[in-house]
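Dear colleague,

I am handing over the structure below, and my notes on what was found in it follow directly after. Please read them with the model open beside you.

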Amino acid sequence: MTARLILKPGRDKALLHGHPWIFSGAIETEPQRTQPGATVQVESAGGKPLALASWSPSSQIRARVWSFDLSRPIDHAFFKRRVAEAIALRRALMPDFDRQGALRLLHGESDGLPGVICDWYRAELAPAAGGESWLVLQLTSAGAERWRDALVAALVDATGTPNVYERSDSDVRGLEGLAPRTGVIRAAAGVTGPSAGFSIEENGLRLGVDIVGGHKTGFYADQRVNRAKVGRMAAGKRVLNTFCYTGGFSVAALAGGAESVVSIDSSADALELARANVARNGLDAGRADWICDDAFQALRRLRAEERQFDLVILDPPKLAPSAAHVERAARAYKDINLNGLRLLAPGGLLFTYSCSGAISTELFQKIVAGAAADAPADAVIVERLGADADHPLRLAFPEGEYLKGLVLRKAG
Ligand code: SAH
């Protein structure tokens, strides 16, 4: 018998619009004797069944909807269907789906799986480079945790990749009362973990991915299309790649014929992998400079040195982790965009991004416009950017909005 969660009168509107979160304040009667992660039936105040959700007693988001279809239970078959739907969506919208070395297979709420992230690193697409393929799973909700085995089985089955690594070490697990957990969940015979120097191919370039120690699941697949774009526009240019992580944009720019590439990151480990990525692709290390420092300071220093660049990339980490951080984050975004624009030569291009869900596209554009006014720089937006179809955004879940970018051209 599924436990029942009953909403307060009038608090079913978001749910009826397809929003998957139920906050503590909306609940009239909590389910009784229910374990974290167990499935509950959500009902309106009038007793109308609305959804099946997972119970997260220690979080302010007390329940997350698995399904609005009450006719089918939440079981192994449910997770098999969700994984199949996620793959079908990507296959339909990404003509090169079968050739992607790194892609996001499950994108949480937007794939109808709250708290579940899975990235797929397919080393087998370039067997000459060696190494094995991995599914990297990050679980951040009590419900996702409860169905871990079902998710792993469904993923292995649907992809044929036998190796699954867990990177459930995101801070948000604490809000769900979950301890961090990392390590191999499953692997083919003889495979004990990601091989040293594990790498994938992206846009024809070979990039190392540190599944065990890197950020998040090891790699930012969301920037794949944008790295390709920078590669196509980099010929002959002086490029500045700020917040470069493992140098995806830097390698793309060098391969695209950039005259020089300066890359900045505060993580020495990331820069080490970035350097290795340049070598891996046989690119001229003499055209690459690396700055291991705080980017906010480094940009100021480059300004003081009166350096000029033809193409500047700003891809900071999530500066506004929640709505409470928006004001401070807006100042930080403005600061780097101001200095980025000042460092641009006339006619230069700025690729500027935000991955803060709490900062809307409109606000981001306003912040960049403020930076341009103060620089001062006369600039036009020549393109708006986002991630590829492997990072879908559910209309009913605007919180899932993720990467947004602008390409600006400074007046010549
Ligand atoms: N553009 C990258 C992803 C960037 S992720 C890619 O294509 O893969 C954000 C990066 O910012 C991380 O590598 C992190 O180490 C770095 N970072 C975070 N805070 C920083 C700071 N204050 N100064 C410099 N780098 C910082």
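**Helix packing, ligand and backbone**

Helix α8 passes α9 in a left-handed crossing, where left-handed means that the near helix is turned anticlockwise from the far one by less than a right angle, and right-handed that it is turned clockwise. Before going further, please note that this is a predicted model, in which local features need pLDDT of at least 70 and side-chain atom pairs count only at pLDDT 80 or more, whereas totals for chains, interfaces and linings use all residues. Residues are numbered from 1 along each chain as its sequence is written, and side-chain values use heavy atoms, with hydrogens and water left out.

The axes of α8 (residues 295-304) and α9 (residues 326-342) come within 10 Å and cross at roughly 25 degrees. That angle makes α8 roughly parallel to α9, since angles under 35 degrees count as roughly parallel, over 145 as roughly antiparallel, 65 to 115 as roughly perpendicular and the rest as oblique. Axes here are lines fitted to C-alpha atoms, for helices over the stretch in contact, with angles running from 0 to 180 degrees between N-to-C directions; helices (H or I, at least four residues) and strands (E, at least two) are DSSP runs, numbered from the N terminus.

The axes of α9 and α10 come within 8 Å and cross at roughly 45 degrees, which makes α9 oblique to α10, and this crossing is right-handed. Elsewhere, helix α2 (residues 76-93) and helix α4 (residues 148-159) have axes that come within 9 Å and cross at roughly 45 degrees, so α2 is oblique to α4, again with a right-handed crossing.

Turning to the ligand, 15 residues lie around it, and R227, D265, D294, A295 and D315 come nearest, a residue being near if one of its heavy atoms lies within 4 Å. By class, this shell has seven nonpolar, three polar and five charged residues, where Ala, Val, Leu, Ile, Met, Phe, Trp, Tyr, Cys and Pro count as nonpolar, Asp, Glu, Lys and Arg as charged, and the others, Gly among them, as polar. A backbone N or O atom of A295 lies 2.8 Å from a nitrogen atom of the ligand, and a backbone N or O atom of S266 lies 3.1 Å from a ligand nitrogen atom.

Two backbone details remain. The peptide bond from A375 to P376 is cis, with omega near -15 degrees, and P376 lies in the loop between α10 (361-374) and β19 (379-385). K216, although not a glycine, has a positive phi of about 50 degrees, and its place is in the loop between β13 (205-208) and α5 (224-233).

Key
A polar contact is a pair of N or O atoms within 3.5 Å; within protein, one must be able to donate a hydrogen and the other to accept it, and residues adjacent in sequence count only if both atoms are side-chain atoms.
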